[in-house]
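Trainee: I have a protein model open and would like to learn how to read it.
Mentor: Good. Let us take one feature at a time.

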Amino acid sequence: MAYGVKVNNVFAKAEESSESVQVQERAGNFSSSSLPEENKQNDVVVQQQEEEEKDSNSIWAYLANASKKLDSLGVETRGIERIQPYERSTNKTKQLISVIGLWLSACGGLSSMSSFYLGPLLFELGLKKTLVSGLIGQGLGCAIAAYCSLMGPRSGCRQMVGARFLFGWWFVKLVSLVSIIGVMGWSVVNCVVGGQILASISDGKIPLVVGIVIIAVISLAVAIGGIKQLLKVETLLALPVNFAFLLLYVVASKKFSYLTMNDPIDDHATLKGNWLSFFSLCYSITSTWGSIASDYYILFPENTPDLHVFSITFFGILIPTTFVGVAGLLIGNVALTYEPWGDAYAEFGMGGLLNEAFKPWGGGGKFLLILIFLSLISNNILNTYSAAFGIQLAGRVLSRIPRWLWAFVITAVYLVCALVGRYKFATILGNFLPMVGYWISMYFIILLEENIIFRTDAFKHLFTKEFPPESEETEGTSRTIVMAKNSAKNQHYNFEIWNDYDRLTHGFAATASFIVGAAGAAVGMSQTYWIGPVALAMGGAYGGDIAMWLCMGFSGVAYPGLRYLELKKYGR
């Protein structure tokens, strides 16, 4: 059943419940204070809808009618609203298969591979150093993303909606903006790589611009459909895309005799700095998923064990990313010493390099390259889908604009950015992705400390606004206590206040810690536009990027004390 129909049914039941309560109140049976909180919230929404319907000529009425028509076609029209436990799927096996297919398709593609080949070609590292730095970095990033995904089944909220419990009603808008920039940056990368592939396959007959537009349009078409259609498409693409990459290993192996362990540069200090910077880049490839990971678990039952969700996410990202990442390292390393591959990269970028690798197989190789091309669409679909919810968080007016309409706006923005920056792919990738890794590191450490310190039995009494003492004995109280199997301690959240400004945290502690962490990033980052003093001390003319460690450490030290003071003063 479509989401819109379910929500309307809930609203109808809430209205009937409200009328019944009013009758009983007149008879003096009980007071309105015992009315379940969920029904009160639904009554408010119903009243808002009735007010909107009064002005049938308003833009909101037109959008509502359009959403109803799309909903009848199976398009997800639901926005940032929480998925209630009774609305979720009871078929765990089906959900597991869908999300495994999602990760295989989204992570086992060129989006992940595109950063790894920069180890030899941009940072000038030999095979051994790129393997060690790249694989450890991306493995750590997988753990970050996997932990963030745990909030999906627990809360039924999108990742950035759940972040309201850390950053509050207002400050979460800043975090959401950073998240949007991150996923849209990946979309720019995907479009440019896709354009390079089509231009290379056609020997330049298909302009780079055309390839970029094709990627954007197809991604938009699927993202509009919603999460159910998205999961089906991702699962469908997973096997052919990964099979094509398997054959890439086979065809490229003929040139593996050109692999070299030697580093193109001899200066030890520079090598050390470049190793750290490449580590940070590969960490960013996988950790970035932490900003949207829980979006794809909101249909899971809320009693899904944390271990299951963490394991699926960790290995679901790690295995396909490693699979394509190692291929990127090997091909990039060969391009250092094998001139035809090096020339293809210089002319057509990554797309040209892949086309040259598949050239021995003629038309069959081009067909496989088209399958690999589809992996870019897989990744872009997720980005377009999730970024829309971030925009809806920015304000009440923006949240009233349907998700599907925001998908059009997002696509238009990253399409323009891709067209403008299409000839500066390596620069965009090398400078942009580490920046994304910085913020997700701060978000992760704040979330971790909130869960293992403050959401436990020891500090639950401080959440006087979220868990009022007098309401704990009242029947119908909206309270959610998450008790995952094998968890060391219970973690207490009242997820039904996700949209309650008066009971959500102010977010002062998290925001202050975020700013402190940004200071750590500033002194530890190594980019073309800024090299921090600590990064410069790591060695070489450009230093080494260690901002991810410093920003995580700075935020982690600041948050516990600030959060305790916030809870003591405000009770939320």
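Trainee: Are arginine 455 and glutamate 450 buried or exposed?
Mentor: General idea: buried means under 20% relative accessible area, exposed means over 50%, and partly exposed lies in between (1.4 Å probe, protein chains only). Here, arginine 455 and glutamate 450 are both buried. Before we go on, note that this is a predicted model: local features need pLDDT of at least 70, side-chain atom pairs count only at pLDDT 80 or more, and totals for chains, interfaces and linings use all residues. Residues are numbered from 1 along each chain as its sequence is written, and side-chain values use heavy atoms, with hydrogens and water left out.

Trainee: What do the side chains of arginine 455 and glutamate 450 form?
Mentor: A salt bridge, with N and O at 3.0 Å. The rule asks for a side-chain nitrogen of Lys or Arg within 4 Å of a carboxyl oxygen of Asp or Glu.

Trainee: How many salt bridges does the structure hold?
Mentor: Eight. Look at another one: arginine 563 meets glutamate 450, also at 3.0 Å from N to O. Arginine 563 lies in helix H22 (residues 547–570) and glutamate 450 in helix H19, so this bridge ties together parts that are 113 residues apart in sequence. Both helices come from a rule: helices (H or I, at least four residues) and strands (E, at least two) are DSSP runs, numbered from the N terminus.

Trainee: Why does arginine 563 count as buried?
Mentor: Because its relative accessibility is 0%. Glutamate 450 is also at 0%, so it is buried.

Trainee: Which residue forms a salt bridge with arginine 455 at 2.8 Å?
Mentor: Glutamate 466, and that figure is for the closest N and O atoms. Glutamate 466 and arginine 455 are eleven residues apart, in the loop between H19 and E1. Both are buried.

Trainee: How is a pair of aromatic rings described?
Mentor: By the distance of the centres and the angle of the planes. Rings of Phe, Tyr and Trp (its six-membered ring) pair if their centres lie within 6.5 Å; planes under 30 degrees apart are stacked, over 60 edge-to-face, and the rest tilted. By this rule there are 25 aromatic pairs here. Take phenylalanine 167 and phenylalanine 514: their centres are 5.8 Å apart and their planes at 85 degrees, so the pair is edge-to-face.

Trainee: Where do phenylalanine 167 and phenylalanine 514 sit?
Mentor: Phenylalanine 167 is in helix H10 (residues 164–201) and phenylalanine 514 in helix H20 (residues 508–524), 347 residues apart. Phenylalanine 167 counts as buried at 1% relative accessibility, and phenylalanine 514 does at 10%. There is also an aromatic cluster, made of Phe454, Phe459, Tyr559 and Tyr564.

Trainee: What does tryptophan 439 touch?
Mentor: Phe514 is one of its contacts, along with Met160, Val175, Val178, Ser179 and Ser291; residues up to four places away in sequence are not counted. Tryptophan 439 is found in helix H19 (residues 425–454). At 4% relative accessibility, it counts as buried.

Trainee: What lies over the face of tryptophan 169?
Mentor: Arginine 164, at 4.4 Å from the ring centre. A charge sits over a ring if NZ of Lys or CZ of Arg is within 6 Å of the ring centre and within 35 degrees of the ring normal. Lysine 569 lies over tyrosine 570 in this way, at 5.6 Å.

Trainee: Is tryptophan 170 buried or exposed?
Mentor: Exposed, at 53% relative accessibility. Its place is in helix H10.

Trainee: How does the protein look as a whole?
Mentor: It has 22 helices and four strands. Of its 572 residues, 58% count as buried. Among contacts with a separation of 6 or more, 83% join residues 24 or more positions apart.

Conventions. Contact means heavy atoms within 4.5 Å.
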